[in-house]
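Opened a new notebook page for this one. Jotting things down as I look them up.

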Amino acid sequence: MAERKITIIVRMGKKLKKEGEKITTSPEECEALRKAFSGPHGVEEKSMLEILVKCNPADLTTFRKNSPYIFLDDEYCFEKWDPFHMKSLEIKFMRFQVSISERAVIQRTMHPWERDALLVRKSLEEKPPLYNLLIELACTRTSEEFLGARKAFQCLYSESVEEFVAVKVQGFHRRLLVALVSTYRYEGLRIDEAAIKLECQKLARSIKTDHRNEIENDDEVLRILTTRSKHHLKTIHKCYKEDYDSNLEEDLDDIQILRDTVNCLCAPPAIYFSKILDTAMSICPAEQEMEALTRVIVTRTDVDMKDIAAEFDRKYGAPLIERIEAAALGNYRDFLVALVKRGMAN
């Protein structure tokens with residue numbers, strides 16, 4: 001059967017008069033989206049995907065609040081997917097041979113707290129566990145964003161993220177990951193200049209020892225990486241490079257979990273996420289790497305996709321959209337491309 005391609009048009013409307021003015025969906029479009037999710041008579045893919053691409057975060061919030069049969073209000077003040085409807089949507093997509101991934105559609109409509117809470121759960125239930133995914137969630141979100149994910153996790157699973165991680169992980173990995181998911185980092189620009197130099201030296205002494213156990217048992221390394229602000233850590237990273245002529249993450253190459261932590265905390269988000277996307281679109285990627293393509297595009301469209309796309313082009317010598325078109329297929333490809341275009345236009 002020939003591939004059926006749907007062209008998704010991103011309707012941006014009239015040129016925005018001022019920076020930050022929002023694009024809104026009409027009540028009719030929200031109703032069409034509700035019918036696509038809950039109606040019994042098939043799915044109008046083109047309409048559904050165009051509306052989902054057009055929606056900004058405020059539109060999606062309005063859609064969730066006005067769809068009580070699909071989303072449930074929670075005590076922590078976020079709208080969560082009704083599990084029954086989530087399963088029904090999966091069955092419906094299969095029944096009517098909808099070619100777009102229901103996972104991409106559900107992730108796009110989810111409240112960010114719920115989406116991240118589900119990803120936290122997934123990170124440690126996979127075999128082998130995806131420590132890098134948990135680190136990404138804990139370290140690339142703001143303190144307030146990840147606090148929201150922790151609240152959603154308690155609502156969905158009746159346990160805290162800290163409990164979940166502590167039960168699933170052992171040894172040094174447990175100590176590091178529990179500390180990362182528990183912290184509420186300072187988000188400002190204030191740093192302690194005297195502490196920068198001292199902590200840089202502490203990290204160097206621990207990292208450059210010949211014994212791996214030294215760094216894994218060093219409480220100071222754990223304290224610095226799990227409590228200091230990102231701005232403070234980026235300054236330490238710069239100091240380390242200047243004083244020791246090597247990058248901090250390169251000297252941690254044999255301890256992957258610490259390398260991933262430093263990358264997420266110290267690298268600009270555009271550099272980190274562009275690398276994840278490149279790996280996801282490599283030849284014969286692993287399943288979790290393929291899933292990262294959906295995760296990054298859906299979660300970063302309304303955050304920093306313009307920066308990610310620019311960095312991807314600079315670093316890998318090919319436009320992000322062209323790589324997606326070469327790596328993905330069908331309406332899934334068209335949906336991702338349309339989301340990237342929307343993010344680049346913001």
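My notes below go from confidence to salt bridges to one helix pair.

I'm working with a predicted model, where local features need pLDDT of at least 70, side-chain atom pairs count only at pLDDT 80 or more, and totals for chains, interfaces and linings use all residues. Residues are numbered from 1 along each chain as its sequence is written, and side-chain values use heavy atoms, with hydrogens and water left out.

**Confidence.** I looked up pLDDT (the predictor's confidence in each residue, from 0 to 100). The chain mean is 88, and 90% of residues reach 70 or more. Over residues 1–6 pLDDT stays under 50, and likewise over residues 9–21.

**Salt bridges.** I counted a side-chain nitrogen of Lys or Arg within 4 Å of a carboxyl oxygen of Asp or Glu. That rule gives 28 salt bridges. I picked out Arg141 with Asp116, at 2.9 Å from N to O. Arg141 sits in the loop between H7 (131–140) and H8 (143–157) and Asp116 in H6 (residues 112–125), so the pair ties together parts 25 residues apart in sequence. Helices here are DSSP runs (H or I, at least four residues), numbered from the N terminus. Buried means under 20% relative accessible area (1.4 Å probe, protein chains only). Arg141 is buried at 5%, and Asp116 is buried at 5% too.

**Helix pair.** H20 (residues 320–327) and H21 (residues 330–345) pack at about 170 degrees, axes 9 Å apart. I fitted axes to C-alpha atoms over the stretch in contact, with angles from 0 to 180 degrees between N-to-C directions. The two are therefore roughly antiparallel (over 145 degrees).

Definitions and conventions. Angles under 35 degrees count as roughly parallel, over 145 as roughly antiparallel, 65 to 115 as roughly perpendicular and the rest as oblique. Contact means heavy atoms within 4.5 Å. Buried means under 20% relative accessible area, exposed over 50%, partly exposed in between (1.4 Å probe, protein chains only).
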